[in-house]
Amino acid sequence: MRWSVKVIVGLLVVIFLLLPFSFMGEHEFSGNVTEVSKYPLGKTVFAGESVVDESKIDKYPIVTNIDYLFNRLKVFDFSSVFISISTGVVPLPVYEFSSSGISDSGVATGFSGPGILTEENNKLIVKPPDNFVWGYKTPYTIAIKTEDGINIVEENKTVKFVGKDDINNNTIPHKYISGEVVESWFNQSNVGDNLTLDYGLSDFSDNRTFIKPDEIKDFFGESVLNYTYYYPSSSPVMVYEANYTEFNVTDAYTYLGSYPQYNDANRAYNAKQFAKAWNGTIIPPNSTSSGIDIVDFAVSSDPKAPGGGASHGVCPPARTLRSIALAIGLSLPKGMNGDHDAVNFGVNPGSGIKVTNSLDYPIKIIMWTEGEGTGMIIHAKMIEMVPTDVNINNTNSSLINDSNT
């Protein structure tokens, strides 16, 4: 709306005419901030987003709250002034029940990235994101078998029923599992069995609320959505990172070598797959993660292995992963041992090995291969991600013991 000088002057005249009747009343907020919040506490919000439900704010006579009109004029909010004069009432000022991160008009402000709506001392606030924010991949959409079909359940509520003859990609979420796979599962499972169809993010480091599958990309971007897709359920997922420095703490390399009895072509393939499974894995502090979940490994004949076969070729890259983990003070990764054949039998080299980060800050694992065949070199590097304003000499960070292996 465009405001002419005459209208603005008119509003000022009205305010001054009302001034003699004003007691300049002060009204304190006496309720619970959740009563005026547009969203539940813990909601992810962005700067510019309205977080106050104006319809729930108490109204007071204009003649006892002329100060509200003055405050609105200071920020050129002529619409609110006009509405108040027209109705004869003004809302309780937002500053009475809010604090940092929220403007006088109830809009999130003063930060970048995915903020979080919360409260302190019964004041509604929007906190900017920390340097690092992470959650955990969590089942959200579940298929439960019934006698004649499947119930699709979200948040403990059945949102859809699909008959057994109608299970296909058009009737079920199929990002992770195709309709054909779900149909096969239905034919082999028992009534009451369940199958996860889609995942969200929960248990965030800053206590923000559950992020549904269709919110991940909108809130955190496509790269986070892809990361969530590739890693197993319960894996930590870094959704936001800012104002930090990456330090190359340690690195290692090894050669694939030749063991023709285990099929060197398969071994070379598996070494590359291992590096692919772990490259780019980020593990927040006090968290445990594996590599990605969908990498295939070739099986070679081995009479010493349970079942007569094993994924040979994964042990050389596993030794580099073990080396960089131990070099920065982490424990031996689960699913591995201290021998030359570093991966335990029966452990998936991608999703079955677990690395626990006991440091103060997130770590990133970088792995790649160089060359082909038995002369292939497998590289591994450990990166520590440290906030730029941190004095690393006063922390438990491994950076004070920077070394190469």
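**Close-up 1. K272 and its salt-bridge partner.** In this predicted model, K272 is partly exposed, with a relative accessible area of 31%. Its side chain meets that of E372 in a salt bridge, 2.7 Å from N to O. K272 sits in helix α7 and E372 in the loop between β17 (363-370) and β18 (377-387), so the pair ties together parts that are 100 residues apart in sequence. E372 counts as exposed, at 58% relative accessibility.

**Close-up 2. K127 meets E120.** This is another salt bridge, at 3.5 Å from N to O. K127 is partly exposed at 38% relative accessibility, and E120 is partly exposed too, at 41%. The structure has seven salt bridges.

**Close-up 3. D302, a buried charge.** Look in the loop between β14 (300-301) and β15 (309-310) to find D302. D302 is buried but has no salt bridge, and K304, the nearest side chain of opposite charge, is 6.3 Å away. Still, the D302 side chain reaches the backbone nitrogen of K304 at 2.9 Å.

**Close-up 4. T281 and Y231.** T281 is part of strand β12 (residues 281-283) and counts as buried, at 0% relative accessibility. Its side chain makes a polar contact with the side chain of Y231, at 2.6 Å.

Key. Residues numbered from 1 in each chain as written. Predicted model: local features only at pLDDT ≥ 70, side-chain atom pairs only at ≥ 80, totals over all residues. Heavy atoms only, no water. Helix = DSSP H or I, 4+ residues; strand = E, 2+ residues; numbered from the N terminus. Buried < 20%, exposed > 50% of the residue type's maximum accessible area, 1.4 Å probe, protein only. Lys, Arg positive; Asp, Glu negative; His and termini not counted. Salt bridge = Lys/Arg side-chain N within 4 Å of Asp/Glu carboxyl O. Polar contact = N/O pair within 3.5 Å; in protein donor to acceptor, adjacent residues only side chain to side chain.
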